[in-house]
Every structure is written in C-alpha cells, then in structure tokens.
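Visitor: I would like a close look at a single part of this model. Please start with one residue and then place it in its surroundings.

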Amino acid sequence: MQISNYMTHEHRSCDGLFAEAEKLAASGEWDAAEKAFLDFANETLKHFKKEEEELFPAFEAKTGSTEGPTQVMRFEHEQVRGLVGKIAEAIEKQDRDAYLSLAESMMILLQQHNMKEEQMLYAMCDRVLPPAEKSDLVEKMEKVEL
Amino acid sequence: MFQNSGLSLDQAPPISVVFRFFLAGSLWGIAAGIWLFFAGAPALEPSTPEALILTHMLTLGVMLSFMLGALFQMLPVLAGVALHDPVKAAIRSQYPILFGTLFLLSAFATASGALYAFALLFLGIGLLPIAARMLSRLYRLPSHSPSSRGMGFSLYNLLLLVAVGGWMLALLGGWMQRGDLPALKQLHLDLGLLGWIALLIVSVSFQVIEMFYVTPPYPKRYARWMPALLTGTLTVEFVAALNAPVLEPWIESFAAILLMVHALLTLRRLSMRQRPLTDATVWFWRLGMGALAAAMLLLVVGNLTDLSTSLTMVLYVLYTSFALSVVLAMAYKIVPFLTWFHLNAQGYFTAPMMHEVIHPQNAKRHLALHSTTVFVALVAAFDPRLWPLAGSLLCASFAWIAVNIYRAWHLYLHVQKTGERFDMGSFS
C-alpha cells in the first residue's frame, strides 16, 4: 500500500489547500486567495509531474501498456491544467461568481480523477510493482520539483 | 488486461444515458404529485391501492430512475466498472421498467391477475439483467472500497427485492400458495427501502461526502463493515419472514438503528466540512440525513408500540423526504458537472461553466420549494385537507428539476451545434 498511501495523502493535502483558497475568494480577500490558490496549484502540478515523470512510466514499463489508464489520467491532468489557468484569470479579475463556478468544476473533476487513481491505478501499482521498486519510486517522487 | 481486471478508466457513459434516467425520474415525480393531489389521504394509508400506487410511483418511478442513472455514471468512477455499450444497456432496462411499472400500477388499481403477470415479466426483464451485470462486474473487482462494496450489497438486495416482489405477485395472482403475505410484504419493504435505496445512498455518501465537501472520512472500520452488516441483517430477516415472522420487527429495528447511526455520522461530517460555502446541495444532504435519522427513530418506536395513523404517515413522509432530498443533492451536482465535463472533454472553448448550466440561486430556490413541500406534507399527516396542496408542491418540485435537466440537455446540444472546438487529436 506504499504508493496508495503516499499519493492519497497528497490528494488530501491538495484538497485542504483548495478549500482554503476557496474560502478566501468567497469572502473577497483576493490577495490572500491568490496566494492560497498558488499554493494549491503548485502542489497539484507537482503531484501531476510526479505521476507523469515517475509513477506512470514505471507502471507502463511493468504492464507494457501506454494507452490504457495512464493515458486517460494524463488527459484529465490537461483538463485540470486548463481550469487552473481559468481560475487564475478569475482571481485577476476578482470575479467571485466565475471563481466559485470554476472551483466547483475543478473540485468535482479532481475528485472523480482522484477516486479513479486511488481505487484503481494506485492499487494496481501497489500490486504489480515489487517492494524495492516502490520505495525507490517514492524516493524519486520526493525529489521532483516544479 | 485492464478490462478484465476492472481497470477501465476511459469510461464516462454518454451524457444522454444519465439524463434520460434523471428526466424519466422527474416525470414520475410530477405524476406522483398529481396522484397525491387527486387521491388525498388514502394515498398515505397503509395497504390501500392508492398508497401502493403512490409508493411504487416514488420507488420504481422516481428513485429507481435516478439511482440507475447515477449507477451508470458512478460505477466507472467509483469502481472502475464500465458497462459495454451503455446507451443500449440503458434503453434495454429503461423501457421494460417503464412498461412494467405502468402494468403494476394498473394491477394495483384493478387487481387483475394478468396485469400482475405482465408487470412481473417486464420488471424482471428490465431489472434483473442490468442488476446482475453490474453486480457480477463489481464482484470481479480485485480491490474494493467501502463504496464499491456497498454498491454490490445494495444491488444484491435489489435482486432479492425483485424476487420477493415476484413471490408476492405470485401469491396475489393465485399462482402460488406458499408464504405469508404480510410477512413477505414487510420483507419487501425493508429490502427496498433499507437494503436497496438507503444502502445505495450510504455507499455513495462514503465517497461523495468526504470528497465533494472536504470532510473527515467516515470511521474506517465502520465504512468497511456497515453495508455487510445491514445486508446480513436483512438476510436474517428473509429467513425470519419465512419461518418466524414474529422476529421481523426486531430485526428491522436493528437495521433502522444502523441507518440512524449513518445519518448522524453524515450530519457530523457535513458540519466539519472544510469547504466554506453552504450551497443548496449541502442543505439537501442535511435535510435528507435529518429526515432519515428521524424516520428510523420512528420506525424503531413503531416496532415497540403502535403508531397512530398520523405518525405512520409522518414516517412515510420523513423517509420519502430523505430519499428525494439526496436525489436532488446529487442531481444539482451531477447535471451541471456532466454538461461542462463532456463539452470540455470534447474540446469546446464555449463549454458553459457549471453556474451557467444551473445557477446556485436556482438550486437554492428549489431547496426552498422542496423544504416547503416536506413541511406541508408533515402537517398534512395531521390535517388531511393539506394533502392536495402537498401533491401540488411535489408536482412543482419535480417540474422544477425536470426543467433544469431539460435546459442543461438543450444547452449541451446547442454548444455542440454552434461551439468552436479545439483539436484534441494530441490527447486521443
């Protein structure tokens, strides 16, 4: 469960950052909201990078598939990146309604993406990768920078 | 390999699959409101044909439609179970269920044996294959979450529920003599209301509450064992219904206490959520879970002492409020999200934001209408003159969600026809 635990923990911590930014935007504290959203975006994009550069290639190498689930996950990452850009625009314009609307889409998109990863992909990774490789992977992911 | 291991991630069914079920459910809600308007208090008195008709309009019509729509959408996400050719599968179950329900309602009204037989045949054709298919896909999953496990158990209860319903119809139609009808009826009610509807909602809530509202998770061991415990309890009730009906109320009370605990745990989680905004869906969940806790308490009290007719009606209204509130909570998340999600995934720059599909103010107004409906129905339990008003409000409430779903669908088609599209070739 090493991969599942490590990655799921990151999901939850991103959720916390997201909620914090949303709270500030809802109350119109735009400077603080911008900073909080930046924290969320950085953590999320770093998490994606860990997956795309370390975890997915390891999974693909082990299973011999580059067109299966990891490709769908990459596509959904692109959707999230698109929304990050749009939310940043809403912050710049201090448009509360647009922020909250985009935030809602982002939240559901991320959550259904996370559910799929947590329940299937990470569980699969934990099953197919040998323990030593998993420790090695986590170590490598720890070192990933944006 | 991925299909076989249940790991199929590219699987959101076409939007029409979900919308067709949701729209059908809403139309049944309108029909139930009209029925309540004309039938009045007899529609709430146990065992009258009017009550059987109202109950089955709400369960087979409204709840089953919304639940199947949600299952088609959520099984791939929550459990990696994507059904092959979901549009065909949806149509193959939706139409037989529609005709089966119409036959059943007519059978209740006329007590005709032939209509009961047709009802059984069509409901069987509509429900059994899809439920069995979903259940077998869930069963083959290599790893389970509380949600996928709970969904499996609720589908198992659905299969038992249909079987017991069939048995009752066979007794009513005079084709079979074995079995005690009141005991089977009690079992049928508990399998349907507690084992299928409530357990499916419980399973969804394990995932949705924590993730959408950013709350602490449900206690791990509780989430792991609750669906099995509830289903085990109902299976014991099954045996009791056949051999010792006197035990049924005790077993039912235990199941009710489990659900009451779930309602309280959910309310507690909602009050600890990290997302600050109180949108309508939070209140739909709160209203639903509050109503579930109260309904289950009343069910237990009713098993210890006889409830007055009014309180029995209150129990009916509370349970219905629970189920309908959660359906609305889910619909107000799912409908705008899917509209945006599908258009965005298809690469339309002009994909509407969720608030442009259904504005939160619109959902809040519906919450006010829905809460008024619940309140009037509760008062009507003590003043029967209010039932027609409760019926009108129920009708208006479902017309409201029907219009919202129709508008979302219309907007979806409009964007597809007129929107500019980004070339997604690099990702597909």
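Visitor: Where does Thr66(A) lie?

Guide: Thr66(A) is in the loop that joins α2 and α3 (69–92) of chain A; helices (H or I, at least four residues) and strands (E, at least two) are DSSP runs, numbered from the N terminus. This is a predicted model, in which local features need pLDDT of at least 70 and side-chain atom pairs pLDDT 80 or more, while totals for chains, interfaces and linings use all residues. Residues are numbered from 1 along each chain as written, chains are lettered from A and ligands numbered from 1 in the order written, and side-chain values use heavy atoms, without hydrogens or water.

Leaving aside residues up to four places away in sequence, Thr66(A) touches Glu60(A) and Gln71(A) (contact means heavy atoms within 4.5 Å). Met107(A) is 41 residues from Thr66(A) in sequence, and their C-alpha atoms are 27 Å apart.

Just after α2(A), Gly64(A) has a positive phi of about 75°.

Chain A as a whole has five helices and zero strands. Its C-alpha atoms fill a box of roughly 50 × 25 × 20 Å along the principal axes.

Chain B has 13 helices and zero strands. The radius of gyration of chain B is 21 Å, close to the 22 Å from the globule rule for 428 residues, so chain B is as compact as a globular protein of that length. Its C-alpha atoms fill a box of roughly 65 × 50 × 45 Å along the principal axes.

In chain B, the axes of helix α6 (residues 181–213) and helix α7 (residues 220–243) come within 10 Å and cross at roughly 170°. Axes are lines fitted to C-alpha atoms, for helices over the stretch in contact, and angles run from 0 to 180 degrees between N-to-C directions. The crossing makes α6(B) roughly antiparallel to α7(B) (an angle over 145 degrees).

Methods: Angles under 35 degrees count as roughly parallel, over 145 as roughly antiparallel, 65 to 115 as roughly perpendicular and the rest as oblique. The radius of gyration is taken over C-alpha atoms; the globule rule is 2.2 Å times the number of residues to the power 0.38.
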